[in-house]
Every structure is written in structure tokens, then in C-alpha cells.
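These notebook entries record what I looked up in one structure. I began with charged side chains and then turned to a strand pairing.

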Amino acid sequence: MTVPAGERGTTTVAPRAVRRIAERAAAEALPDGGSVLRGSAGVRGTSARISVGVRLPYPVRADEAARRIRERAAARTAALTGLSVPRAEVRVDALSAGPAPVVPEAAEATPGPDGGRPGARIRAERRVPAAVLAAVGAVACGLVLADVVAVRFGDAPAGWRTAMLDWAATHGPADSAVRIGGAVAALAGAWLLGCALLPGLRRRLRMAAPGPEVRAALDREAAARILRERALGVPGVVRARVTVRRRRAGVRAGVGYGDPAEVRAETVRVLGAALPELGLARPPALRVWVRREAGLPPEPEKSEEPVESVPVSVERPEAAGRADAVTGQSAAGGSDAAVDGAPGARDARDSLRDGGEA
């Protein structure tokens, strides 16, 4: 006896279970240092829509990492739940900066083929000069070949070829046009030789590689940005301009507060520790200039605080003694203890005269 399909029962996968599966599948495709922050899922019939928020390590290609996570989450969710996943979203909600890589060990472990020197530099591909030269050569050879084939089949030579031959027959090395053309050809040949022999990529600094077959280079602008960020982290530095060359790195820092000499010493220490972290085969020499920023108040000079002036009253000893004898108060505290000639002094004399008569 066959039971109808409607009476066999149904299997329902809750959205919470789909969300947990999607989060676990996304975690399997995360790069080292990444994590899943939150996820959500919705189920409608036999299809499910999932969304996952992740934290990626820095630096990393966010688009490529998100694509791998999305494909992994959609495939694993569909395989484990039996639902179709027509839409899967991956949100990069945060980036986590990991510890700076330690490069001095790699620099020490990269002896070159001649004992201690780094390997060869990365050579420029010279795509534009090669393409231009190939195009000019192909056009010239094609025109000559087409004209030679036409002459072999009985046609007359092309007008441009006969005109060139006539001009070359009537002009010698003493003509100005021939000299100018020869100079241009010599310069073009020297430029092509330089492109073929010189490595190029002067804007990149050679880095120490972990093996003899590995070559690496760092752009000067990237090195300058790293040194500038380190310089701006020094207390007292409010502005920094960094230029990096092959053999020298110059830093001009603006001091907003603090002693410029102390700020310069701290900047030299911080940047001196940052140069080996770049992993260069030959770290450039460091030069640091500091100056106080215009428009900022100078440091106040240390000076002793002025002593407050305390008012002092001067009294005559005779008047003070008479006042003490009559009132029993000190000269400084009694209101009638004043300089001789004041009303308080006359009252004291009157009291003494009255007492003597009595």
C-alpha cells in the first residue's frame, strides 16, 4: 500500500539552524586572523537566504576573501540542509590589524649567490617600448615584403620606395638632414639599449627575500607613508614630511609642543627602529630635521613667581606703648593704635592726663 505524498509528513529546517550552518561554513573559509561576527537566515519553502558579517585581518584583499566566503557558505548550506540558496550575502563589518611581521630574521637568512649580498633586482617589463618597437618593425617589414612580392609578380615598384632610393642616392653624410636623422637614430638606439640592459623600477626599493629564488621590492611612497605614520606617533610632532630615496630617507617634522631637541631624539629613535621593519636589503640612511611650527606659541620660559606685596603699617613706638597701657591691646591689633597725631593718639593722651590728676 502506497501512502500519498501529502500524508507522508514534512521536514522543516528552522532558520536558526540554517544560520548556524552558514556561520560555521563561513568560518571555514576565513583567512587566518578572521572571525564571524553575526549571521542571519530566512527560509521560504525550499529556498533559503543567508547573510553573514565577518571580521577580516588587515591587510587582505577584501573582495577575494568575501567571494570565497560567500561561495563556501552557499555550497555548504545547500549541501547540509537540502535547501537551495539563491542569494548569499557577506558583509565585511570590521578589520583587525595583526602584529607587524618581524623582518630582520628574513634579511639575515637571505645570503646572495656571492656570499651575503642580496639577489638580483626585479627588472621592469618595458611593455610600452617593446610594443612600440614591435609595431613599427612589423609595419615596415610588411610594407617592404608586400612591395617585393608585387615586383616579383610583375608590378612596378611602389612610389615611396623609389623616392627613398632616389633621395638616398642624392644626399650624402655632409647633408644636415642626414646628420639629424643619424643623431635621432643613435639616440633611439641608446634608449633601446638602456631599456634592454638596465633593470629599471627606480621607484622601488629592493627587499630582503626569504630564499635565493624569491625577489621582492617595496615602493618608495609606501615606505614614506609608513615612516610618516611612525613619526606622527611621536609626542610633540604635529606635521611630518618624508622623502625616501635609494640611499637616504629624509624626515622634516614640525614640533607643536615640547623641547625640539628632545622631540628630534625621540623621532630618530622611533624611525631608527622602524627602518629594519621595512625588510629592505639595504636600509637607507636616516636624516631628521625638526622645527617649531609657525603660529604656535613658544614654550614659556621658567621664571620665579613674583612675591605678593603685603601692606605694612609703620607705627611710632611711643604711640604704640601708650596705646597698650590704656587699651591693653597690641599696636597692630587695636583700632586706636595709630601714628602720633591721629585721633586715637589724642584719646590716649587725654586718658593718661585724667588718670594722673586722679
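Entry 1, overall search. I searched the whole structure for salt bridges and found 12. The model is a predicted one, and I read every value below as computed from it.

I looked up Glu 71 and found it in a salt bridge with Arg 67, with 3.7 Å between the closest N and O atoms. This distance still qualifies because the cut-off is 4 Å. I placed both residues in helix H2 (residues 62–81), where they are 4 residues apart, about one turn of the helix. I then checked accessibility: Glu 71 is partly exposed at 47%, and Arg 67 is also partly exposed, at 37%.

I next examined Asp 147 and Arg 161, whose side chains meet in a salt bridge at 2.1 Å, N to O. I noted that this pair links distant parts of the chain, with Asp 147 in helix H4 (residues 127–152) and Arg 161 in helix H5 (residues 159–170), 14 residues apart. Is Asp 147 buried or exposed? I recorded Asp 147 as buried, because its relative accessible area is 6% and buried means under 20%. For Arg 161 the value is 24%, so I recorded this residue as partly exposed.

I found the side chains of Glu 266 and Arg 269 in a salt bridge at 2.5 Å, N to O. Both residues belong to helix H8 (residues 260–274), and I counted them 3 residues apart, about one turn of the helix. Glu 266 has a relative accessible area of 28% and is partly exposed.

Which residues are linked with Glu 28 in a network of salt bridges? I found that Arg 72 and Arg 76 are joined with Glu 28 in this network.

I turned to the pairing of strand S6 (residues 237–244) with strand S7 (residues 248–255). The two strands run antiparallel, and I noted 7 bridges between them.

Key: Residues are numbered from 1 along each chain as its sequence is written. This is a predicted model: local features need pLDDT of at least 70, side-chain atom pairs count only at pLDDT 80 or more; totals for chains, interfaces and linings use all residues. Side-chain values use heavy atoms; hydrogens and water are left out. Buried means under 20% relative accessible area, exposed over 50%, partly exposed in between (1.4 Å probe, protein chains only). Two strands pair if DSSP finds at least two bridges between them.
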